[in-house]
Amino acid sequence: MRNWLFDSESPLIRGLSRFYDLLLLAVITSICSIPIITAGAAITAMYDVMIRMALEKENGIIKTYFRAFGKNFGKSTLIWLICLVGIAFLGGNYYFLSQELVGVPEALRTVITVIVFMVTIIFGFVLLYVFPLQARFENTVGTTVKNALFISVAQF
């Protein structure tokens with residue numbers, strides 16, 4: 001009688017194989033994100049591979065990853081640069097709120113803080129959807145960001 005636990009088609013071996021694939025994907029994405037400019041393309045390629053893994057259509061993690069990285073490089077990098085500008089803008093707002101609004105009445109400071117906080121939440125929700133949408137669909141950058149905004153608001 002064969003030992004079913006270590007059979008190549010056993011649930012244990014398939015689960016360990018999937019875990020190894022995800023670990024390899026995380027390492028490749030981390031390495032490709034080291035130059036900050038390429039982080040958008042790296043994240044998009046990671047989502048592309050994960051979608052293909054879920055659909056069971058990938059032909060090897062590394063080959064699929066770098067094909068998706070190259071295919072989405074331009075648009076994903078532009079989206080990432082827009083995100084970096086947004087992060088810098090929001091960070092500047094929080095700095096301004098903490099340092100420069102000392103003489104402003106408390107009620108107005110609270111209103112401004114709530115508005116900036118709400119914009120930050122919406123921006124974070126858009127960040128959750130923009131890279132998976134770029135990985136899955138062929139759209140312009142503006143359409144991808146707009147769709148991410150609509151989905152994030154609709155799926156609040």
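Me: How many disulfides does the structure hold?

Reply: Happy to start there. A disulfide is a covalent bond between the sulfur atoms of two cysteines. The cut-off used is a pair of cysteine sulfur atoms within 2.5 Å, and the structure holds zero of them. C32 is in no disulfide, its nearest cysteine sulfur being that of C83, 18 Å away. A word on the source: this is a predicted model, where local features need pLDDT of at least 70 and side-chain atom pairs count only at pLDDT 80 or more, while totals for chains, interfaces and linings use all residues. Residues are numbered from 1 along each chain as its sequence is written, and side-chain values use heavy atoms, with hydrogens and water left out.

Me: Is C32 buried or exposed?

Reply: Buried means under 20% relative accessible area, exposed over 50%, and partly exposed in between (1.4 Å probe, protein chains only). C32 counts as buried because its relative accessibility is 13%; C83, at 6%, is buried too.

Me: Which residues count as partly exposed?

Reply: Among them are L23, at 45% relative accessibility, and S98, at 49%. Helices here are DSSP runs of H or I with at least four residues, numbered from the N terminus. L23 sits in helix 1 (residues 11-32), and S98 in helix 3 (residues 61-99).

Key: Helices (H or I, at least four residues) and strands (E, at least two) are DSSP runs, numbered from the N terminus.
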